[in-house]
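Subject: Structure for your review

Dear colleague,

My notes on what was found follow it.

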Amino acid sequence: MSKARELTTEASPFGLEAWADHLQDKILPVRASVLARLRRLVHNDNTTLHQLSQLVRQDPVLCLHVTRIAQARHREKGSTVAGIEHAVGSLGLEAFIRLCRQLQVLKVKPASMQQKMYFRAIADSQHASLQAAELCRQRGLPFVEEVRLAALLYGCVHWLLWLYAPLHKHEYQQRVLLNRVDVALAEQDILGCTAQALGAELARRWGLPELTCQALDHATSPSQEDLNRLHRRALKDPRLDQQALREINQLTQQRFFPVKLGNWLALTTTHSWYSKKAYRLFDILADYLSTDCDRLLAQLHSYCAEASRQFHVPGTLSPAAELLNIPAHTRPTGLIGHTELEQLATHFPHPTRPEPAPAVALADTDDTTERPLSAPVNAYQHPQLYQQTLQRLQTDPDLRTRSAPTLQSLLQGLHQGLGLARVSLLLINTSKTLLRSGLSLGLDKTAPLNNLELNLEVPSLFKRLSEKPAGIWVDTDKRASLAAMLPQNFSAATGDHDYLLMSIFKAGQPLAIIYADDQPGRHELSEFQYEQFRQLCAAATHALKHPPG
């Protein structure tokens, strides 16, 4: 372990590229017992290929090392590693002897929570691997071993993060287990990217097998609509049309789908087998296998126990141990103690985020009517302009084919007509699933809201708003209840005042989300402002309802 640690004086990485650069060349050590067994095998003339494969299969870290070496050889021939035995068989005895010289050893410290969680992350990958392979076998699919290997390597980014970014992982555990923040949103806030996206980038840089890279790609993840179709197929819903049925059949035949399902299961149940998210996942697995949930759960439990037998480190809570916890007694795990945190703080980067731009004064506007700041707003700033904007959105046929003038008119109506001091247009890029700041009124160019970028693949309030036209008034009480759904960079940019959000759609597709507040002068908004805000935004969506032509 001492060789792996480095004193860090540089700032913590933040964002996909920075983390990939930081972790790409980091070494994953193996346990001394594993290296000793490997050495005994490679120096024994009677060792068989099966014995080597069994050892590699039982230690995911060793499997990663072997696969990377084997895949490098296959890449030269334009082929790919198709399983653990295939990887082992691709290497000669000399390659294993060289590997024994190169491997670094991790000295196990039973009292270290960091190490316990490192081994638990590895155990979760072993669990995912076995579950994914069994899903394939029960479906009668022919690529069981390829899926087993891909599912095993899918979560290796979590091994690296526990070993080389334990302070980030500790903060992640706090947000997920104590504050109930969605796992992907917590990763995005703390790392600047999701662990899955980081794993995909590392897999690409390391040249891991194609199926591993494909499974880690966010673009291959099924949508909620896909999962709903899967459920309807399992129920033999006659309303499911042939095109939708063909699409869902194609999804279930994809090799990456059981890889994702196995890892979803392992990464969810490692926190609890009794959460709502876990039960929702059980339903998806039952639909995939066309079986009932009771029979499915019995199978999942037995495979989890088998995975825990295959990879076990004394003193480390295995995935199967969670099965013994009843819901009322399930306790958070992975929170590092204060003393160990202080020790780790001298060796590893601390979680930091890019500093938001400083708050700026409100830009000058053309408004001529002043309203007292202490009283709730119950009138328009410029009634005639507001009504003109509303009428244009409702009656102008040119706006149905032109998004830009529609959105510009909407912002002017909200800012100058209704009188909301700051209005920002957050544009939705559906191809890249990103939300980016666009045109704004009342905001300086350097304001944090003018430099906002959010990932809509990450579950959050903004992802929900992008799924269907909706609006929300976020006040003090609502902000507290929505805390787990708000990205930290957005919360830092908005502060603790009231604000309004509403999504705008064009021809049924998300186009933008409108943000508005009355800062810096007015902390609280009024019912009147919210209702007029909703009315104008709804008129804009109605104007863009029909496609061009």
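In what follows, two residues are in contact when heavy atoms of theirs lie within 4.5 Å. Please also bear in mind that this is a predicted model.

I begin with Ala-286, to which that definition applies directly. Ala-286 belongs to helix α17, which covers residues 276-289. Leaving out residues up to four places away in sequence, Ala-286 touches Thr-291, Cys-293 and Leu-296. The C-alpha atoms of Ala-286 and Leu-296 are 6.4 Å apart, with 10 residues of separation in sequence. Buried means under 20% relative accessible area; Ala-286, at 5% relative accessibility, therefore counts as buried.

Turning to the chain as a whole, it contains 25 helices and eight strands. Its radius of gyration is 27 Å, close to the 24 Å that the globule rule gives for 549 residues, so the chain is as compact as a globular protein of that length. The C-alpha trace spans about 90 × 60 × 50 Å along its principal axes. Of the 549 residues, 52% are buried. When contacts between residues at least 6 apart in sequence are considered, 70% of them join residues at least 24 apart. The protein chain exposes about 25,300 Å², and carbon and sulfur atoms supply 51% of that area.

Among the helices, I would draw your attention to α12, formed by residues 195-206. This helix has 12 residues and reaches 16 Å from its first C-alpha to its last, close to the 16 Å expected at 1.5 Å a residue. Helix α12 is mostly covered, with 10 of its 12 residues buried. The buried residues include Gln-196, Glu-201 and Trp-206, as well as Leu-198 and Leu-202. Just after α12, Gly-207 takes a positive phi of about 70°.

The strands around β7 form the next point of interest. Seven of the eight residues of β7 are buried, so this strand is largely enclosed by the rest of the structure. Strand β6, residues 471-474, pairs with β7 in the antiparallel sense over four bridges. In this pairing, Ile-472 stands opposite Leu-501 of β7. Strand β8, residues 509-517, also pairs with β7 in the antiparallel sense, over seven bridges. Here Lys-506 stands opposite Gln-509 of β8. β7 and β8 form a hairpin with two residues between them, and Ala-507 in the turn has a positive phi of about 50°.

Is Ser-503 buried or exposed? Because its relative accessibility is 1%, Ser-503 counts as buried. Which backbone atoms does the side chain of Ser-503 reach? A polar atom of that side chain lies 3.2 Å from the backbone oxygen of Lys-468, and the side chain of Ser-503 also reaches the backbone nitrogen of Ala-470 at 3.0 Å. Neighbours within four places in sequence aside, Ser-503 is in contact with Leu-465, Lys-468, Pro-469, Ala-470, Ala-512, Ile-513 and Thr-541.

With kind regards

Technical notes: Residues are numbered from 1 along each chain as its sequence is written. This is a predicted model: local features need pLDDT of at least 70, side-chain atom pairs count only at pLDDT 80 or more; totals for chains, interfaces and linings use all residues. Side-chain values use heavy atoms; hydrogens and water are left out. The expected span of a helix is 1.5 Å times one less than its number of residues. Buried means under 20% relative accessible area, exposed over 50%, partly exposed in between (1.4 Å probe, protein chains only). A polar contact is a pair of N or O atoms within 3.5 Å; within protein, one must be able to donate a hydrogen and the other to accept it, and residues adjacent in sequence count only if both atoms are side-chain atoms. The radius of gyration is taken over C-alpha atoms; the globule rule is 2.2 Å times the number of residues to the power 0.38. Accessible areas come from the Shrake-Rupley method with a 1.4 Å probe; for residues, only the protein chains shown count as cover. Two strands pair if DSSP finds at least two bridges between them.
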